[in-house]
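The structure is shown first, and the remarks follow.

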Amino acid sequence: MTPVTERDVRLLRDTLGPLRDREQVAQRLLESSAKHSFDPDRDLDWESPLEEGTWFWPPELLSLYDTPLWHTMSEKQRIELSRHESASLASLGIWFEIILMQLLVRHIYDKSVTSNHVRYALTEIADECRHSMMFARMIQKAGAPTYPVPRLYHNLGRVLKAISTTPGSFAATLLGEEILDWMQRLTFPDERVQTLVRGVTRIHVVEEARHVRYAREELRRQMVTAPRWEREFTRISCGEAAKVFSVCFVNPQVYTNVGLDRREAVAQVRASGHRREVMQQGAKRLTDFLDDIGVLRGPGRRLWKRSGLLA
């Protein structure tokens, strides 16, 4: 197979139009990073007390919203559920970001260290370090426990980091970023939510917009230039990742910790039409994009449907 040059890539077109030059995209993202980056330790007020009777996550985005159990819960218990689900999502976000940082390091390992593409990857890694520390500090401030993913999926993460191809890495990156990003865009302007949580989600949304652009453009490029076996592997691995993501999105221990019957809560979440609609709506921008670039095909599409993230 004849190698595809950078010039070839610039001339290639996919269903979304011409692929941008890799260095040009990275340069614009570097400029944006210089203008719109944050230091959470300084830019957020960690010293003020939390507001009494205030949500930690919009109620409509909570897993049990509008289920039979929800209607039996007091307002105080619902807010307590939001505290624990917020901590669960932050814990999941840290897990994803640690995996992402390692995948980015692998991606740039044999690339030119003076290129804009590598410089931006290093900038993103620095962003993700700050995000992970910010999420951990938010969990501590809320007085909630951490919620690690189940040991099976924790170890599957080790496998992903070892065998993931470049397009598979960027597909997994988008899966971990875009659904949470959709929820956070609804959270930071919501005045019902704790001021600190709104500040955390605002910082994450602003900086993740660059990360999503970087990952989308690189995945589009890889789905054009990668060999067929790698594209097929990406479709399967991305579908499997969607299944893992949907299972790990909320740790069931949160239900026990707020005094609910864990099995009953999990069953009601699975049966909830509202929850299914929220998750599919949160994933829609991503699934539309993956469909356009040819990721949602064959067995991979069926895996996405089983995950509940694709209608």
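1. The coordinates under review are a predicted model. The secondary structure of the protein consists of 14 helices and two strands.

2. Overall dimensions. The protein has a radius of gyration of 20 Å, which agrees with the value near 19 Å that a compact globule of 311 residues would have. Taken along the principal axes, the box filled by the C-alpha atoms is roughly 65 × 45 × 35 Å. Of the 311 residues, 53% count as buried. When contacts between residues at least 6 apart in sequence are considered, 82% of them join residues at least 24 apart.

3. Packing of α2 on α6. Helix α2, residues 22–35, packs against helix α6, residues 116–142, at an angle of about 40°, and their axes lie 8 Å apart.

4. Packing of α6 on α9. Helix α6 also packs against α9, here at an angle of about 155° and with the axes 10 Å apart. The two helices are therefore roughly antiparallel to each other. The crossing of α6 and α9 is left-handed. From α6 the contact draws on His-117, Tyr-120, Ala-121, Glu-124, Asp-127, Glu-128, Arg-130, His-131, Met-134, Phe-135, Met-138 and Lys-141, while α9 supplies Leu-196, Val-197, Val-200, Ile-203, His-204, Glu-207, Glu-208, Arg-210, His-211, Tyr-214 and Glu-218. These residues divide into 10 nonpolar, four polar and nine charged.

5. Packing of α8 on α10. The axes of α8 and helix α10, residues 228–248, cross at roughly 30° and come within 9 Å. The pair is therefore roughly parallel. The crossing of α8 and α10 is right-handed. The contact is formed by Thr-166, Pro-167, Gly-168, Ala-171, Leu-175, Gly-176 and Ile-179 of α8 together with Glu-230, Thr-234, Ser-237, Cys-238, Ala-241, Ala-242 and Phe-245 of α10. Eight of the residues in this contact are nonpolar, five are polar and one is charged.

6. Thr-165 lies in the loop between α7, residues 151–163, and α8, residues 166–187. Its relative accessibility is 10%, so Thr-165 counts as buried. Beyond residues up to four places away in sequence, Thr-165 touches Trp-229, Glu-230, Phe-233 and Thr-234. Glu-230 and Thr-234 also belong to the contact that α10 makes with α8.

7. Arg-192 is located in the loop between α8 and α9, the latter spanning residues 195–225. At 36% relative accessibility, Arg-192 counts as partly exposed. Although Arg-192 and Thr-54 are 138 residues apart along the chain, their C-alpha atoms are separated by 6.2 Å. Apart from neighbours within four places in sequence, Arg-192 contacts Thr-54, Trp-55, Pro-58, Pro-59 and Glu-60.

8. Glu-85, a charged residue in α5. Is Glu-85 buried or exposed? Glu-85 lies in helix α5, residues 75–108, and at 1% relative accessibility it counts as buried. Leaving out neighbours within four places in sequence, Glu-85 is in contact with Leu-61, Leu-62, Ser-63, Leu-64, Val-250, Val-254 and Tyr-255. The C-alpha atoms of Glu-85 and Val-247, 162 residues apart along the chain, are separated by 14 Å.

9. Backbone of Asp-66. Most residues other than glycine have a negative phi. Asp-66 is not a glycine, yet has a positive phi of about 65°. Asp-66 is placed in the loop between α3, residues 40–43, and α4, residues 68–72. At 45% relative accessibility, Asp-66 counts as partly exposed.

Note on methods:
Residues are numbered from 1 along each chain as its sequence is written. This is a predicted model: local features need pLDDT of at least 70, side-chain atom pairs count only at pLDDT 80 or more; totals for chains, interfaces and linings use all residues. Side-chain values use heavy atoms; hydrogens and water are left out. Axes are lines fitted to C-alpha atoms, for helices over the stretch in contact, and angles run from 0 to 180 degrees between N-to-C directions. Helices (H or I, at least four residues) and strands (E, at least two) are DSSP runs, numbered from the N terminus. Buried means under 20% relative accessible area, exposed over 50%, partly exposed in between (1.4 Å probe, protein chains only). The radius of gyration is taken over C-alpha atoms; the globule rule is 2.2 Å times the number of residues to the power 0.38. Contact means heavy atoms within 4.5 Å. Angles under 35 degrees count as roughly parallel, over 145 as roughly antiparallel, 65 to 115 as roughly perpendicular and the rest as oblique. A crossing is left-handed if the near helix is turned anticlockwise from the far one by less than a right angle, and right-handed if clockwise. Ala, Val, Leu, Ile, Met, Phe, Trp, Tyr, Cys and Pro count as nonpolar, Asp, Glu, Lys and Arg as charged, and the others, Gly among them, as polar.
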